Structures are given as structure tokens and as C-alpha cells.
Amino acid sequence: MQDGIAAALSQVIADPARVLTAPAVLDRLSHDFYWYSPILRPQLAAKKGDVAVQPVSADEVLAVMRFAGAHEIPVTVRGAGTGNYGQCVPLHGGIVLDLSSMDKLEEITADGVAVCQPGLRLGALETEARKKGWELRMYPSTLVKASVGGFLAGGSGGIGSVAHGQLRDFDTVRGFEVVTMEEEPRVVLHEGAAVHEILHAWGTNGVLTRIWFALAPAVEWVQFTAAFDTYEEAFSFGESIAVDSGWTKRLVTVFEWPIPSFFTPVKQVVREGKALVLIMIAKGQAPHLRKAAERSAGEVTFSGPYDGPRTQPLLSDYTWNHTTLWAMKADAAYTYLQCGFSPTECREQFRHLRERYGDEILFHIEFMKNGDGVVIPGAIPVVRFTTEERLNGMIDFCRTIGVFVANPHVNYLEDGGRFRADNIQLRAKEKYDPRGLMNPGKMISFHKQAVTG
């Protein structure tokens, strides 16, 4: 089967060298960072595609989709593989469509919109944008490696979300072209509200081939850390900066001790036994931030420039889900949750979790703006894993006290991602992939009989 698929794909791709079958290569291209989850690890470790193909144009994507559809072969789209839910892991073999070679930046428009292919690395876009007076509105902690298309298909927010919300907010994603898996595949332009059909759908209902991605005016940033005696003091200080529109910030992160102890490469910014706040602030406001931290009983432990993705130290490498990675390096028993706390009831929610779970859960807050413009304490708490039942019980308890959880320990979109209550992504799959060949098994509310009549 593998040889037949590879031979056929070699006829529809200009360069047969971009059709890959080597076992080690297939294994690499069939996996992401799903192993952050001790539950997904055994489920997905052995899954892989039969063939990988690396198109360089929308025409080649169309050709691959046409071939796969004609022969009822599953297609799983891959960006850079930096996701954590197993989004790009093929559950039923077939073709891995690796878009890393579609990495061109076509232009940055005068009004600050990047027009690019999906495989463009976010770090490369940040570098080029800053040359022209622009920067990314938001990006994950995997900035250097992650791709624009992968971020749109499997991400939600990151550094910058405290000011600009998440990908689905404030018209950040202006539009994209998508190749479908219909009987005759086609390129469909999505603009405005139509982007939500495809956005954060894990490649289950279309292949992004061209993207219009809004940027923000570039700011000269300073990275800043301050240590506080207690988590409560650190959280209150971080919250005061995050919610005050007078501060120009890109990142406000709060770490409960002992999380800062895991950051061994930047141990100089850590103080033993103390909570840590990490902020990216406009250069002109850095002296004022120092004074504000000191007034709040914080010790400023670092202040230094951000000069782009190659900045050393790049303190965003310790935030968002990179925090989980550092925790796992310190102790393999750690994993994580992805949560949203109430901006008004969060302290009571913290109290409930602490009383019930003690140090099984360590608070790690990432402040972000929601679509209504309200800054909320998002969170990626570090959790000590013992059993699946205990972890699921913690998730259930979070939800009973009003804490939103996007469950990172399941491999389907409905509970693990930003599945929309209006079912727009499901309806798009029924329209664009009626045979269920795109990343099958990842959208469990889809059933073929719903559209075959």
C-alpha cells in the first residue's frame, strides 16, 4: 500500500524527492508534542502515516487532495509539529501533508497585514515585520519553530494576547485560502466571519494555503522580572499591570513557587522560595514599572531589552506552555491543564483548588484579553499526575467552580480545543469533507451519515 501511494504521489508532485517514506522521517512527521500528556502518550506513540508529502504550492495541494479523495485515503495536515494535543498525529495512517516547504512571505501591506504561505515560521515573520515597523500581535512560546498555518489551525493565543486577545478576536486573522476535500477539490477564500469555519479546527475541514494575518505597530520592548514573597502578592501585582490600559505590555505572567526553580538557564532572575512575575513592557515605561513593583514589595530581578526572536535570554521561552516543558524536565510526573479563571472570582477559585488539591496543582497565570476587551487570568497550571481518574476529577472540579478547561489530555477537537458552540466548524466539515478523510477521528461530532443521505 505504501509503495503504491508513494508512486502515485510522485506523479502529481513536481519533485518526487518530496514524497517521503523512510520510517524515521515518517515517525517524526507523524508526531507533535502530544507527550506532554501522560494520557495521550500511550495512545498516540505508535500512530503514523503511510507516506508524507511536502507540497510547495496550492496547485500541488490540490493534486494531492484530488488523488487522496479519489482513493479514499486519509490526509492529515502538519505545520511545524509544535502542538500539544496530537493535532497532527494521523489516527488512521494515510498521507501526512507537510506544509513546511510552503514558507514564503509574499508581502507586508502598508496597513500591516502579512500575506504568506502557511509554512512560514512565526519567528521569521516577527523578524521581517520588525524591519518594516510591525510585529506579531501574538505568538506561542514556540515562536522560533512554530508556523503561521499551524498556529491558526491548532493554536489560540500567546505572548501578546494580554493586549490583542486571541486569534479569533479583533479581526487578527483577516482571511485565508483553503483547499477542500470535496469530490473535486477547490480553493475557497474565507474572509471576515467566514474564517471561523476553519480557524482552530486542526485541519479537519480544509488545508490553509494562503493567509492574511494582521500585525501590530512595533514597540521597543523590555523584558522584566520581579520576585514576591507570596503568590497572592505576585498575582495582585501582575493583575494590576494587566488590567490597566495605561501600561503598554505584551506579556504578563505569574508563577507560583516552586515553578521558578525549574528555570535553570535563567536562575539569576529567580529568588528561592518566591513567586515570580514576568512582564514585557514598553521601554519608556520600564522605570515606572520598576517603581510600581517596588511599591508592591517586589524585588526587581531582571530588566533587559527584547531584540527579536534571537534575544538572549528570551524570557518568553519560560512562559505559556514552555513552562510545562521546564516542569517536566525537573520532574517527569508533572503535566498541565489549560484553564480560564474568572476575572472577579479568581481568588475564590484559587482557594477552592488549593484546599482540595494542595501542591498537586501549581498556579501559572497568563493574563489575556477576551473578545469583549476584558482582561482575564488565563492559566496553564502545572499539575502532578498520579492517575487518569485523579486528573479527570480535577478537570471536573475546575468546571464545577466556574473555571473553564480546554482539556489537553484528549485527542479530539470538541473537548480539547476551541470548538465553537454554533457548530460552524462541523458544518464546514460536512460541506468541505463529506467523506471524512481529513484528519479522521479528531472531530467526533462528525458522522458521514449526516451528509450522505
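**Figure 1. Surface and overall form of the protein chain.** The accessible surface of the protein chain amounts to about 17300 Å², and carbon and sulfur atoms contribute 51% of that area. The model shown is predicted. Its secondary structure comprises 15 helices and 21 strands. The radius of gyration is 22 Å, close to the 22 Å given by the globule rule for 453 residues, so the protein chain is as compact as a globular protein of that length. Along the principal axes, the C-alpha atoms occupy a box of roughly 65 × 50 × 40 Å.

Figure 2. Of the 453 residues, 60% count as buried.

Figure 3. Most peptide bonds are trans. The bond from tryptophan 257 to proline 258 is cis, with omega near 15°. Proline 258 belongs to the loop that connects strand S12 (249-255) with strand S13 (275-282).

Figure 4. Proline 313 is located in the loop between strand S14 (299-305) and helix H10 (322-330).

**Figure 5. Phenylalanine 170, a non-glycine residue with positive phi.** Most residues other than glycine have a negative phi. Phenylalanine 170 is not a glycine, yet has a positive phi of about 55°. The loop that holds phenylalanine 170 runs between helix H7 (161-164) and strand S8 (173-179). With a relative accessible area of 38%, phenylalanine 170 is partly exposed, a class that lies between the limits of 20% and 50%.

**Figure 6. Asparagine 439, a buried loop residue with positive phi.** Asparagine 439 has a positive phi of about 45°, although asparagine 439 is not a glycine. This residue is situated in the loop between helix H14 (424-432) and helix H15 (449-452). The relative accessibility of asparagine 439 is 1%; because buried means under 20% relative accessible area, asparagine 439 counts as buried.

Terms used: Residues numbered from 1 in each chain as written. Predicted model: local features only at pLDDT ≥ 70, side-chain atom pairs only at ≥ 80, totals over all residues. Heavy atoms only, no water. Helix = DSSP H or I, 4+ residues; strand = E, 2+ residues; numbered from the N terminus. Rg over C-alpha atoms; globule rule 2.2 N^0.38 Å. Buried < 20%, exposed > 50% of the residue type's maximum accessible area, 1.4 Å probe, protein only. Areas by Shrake-Rupley, 256 points an atom, 1.4 Å probe, with all protein chains shown as cover.
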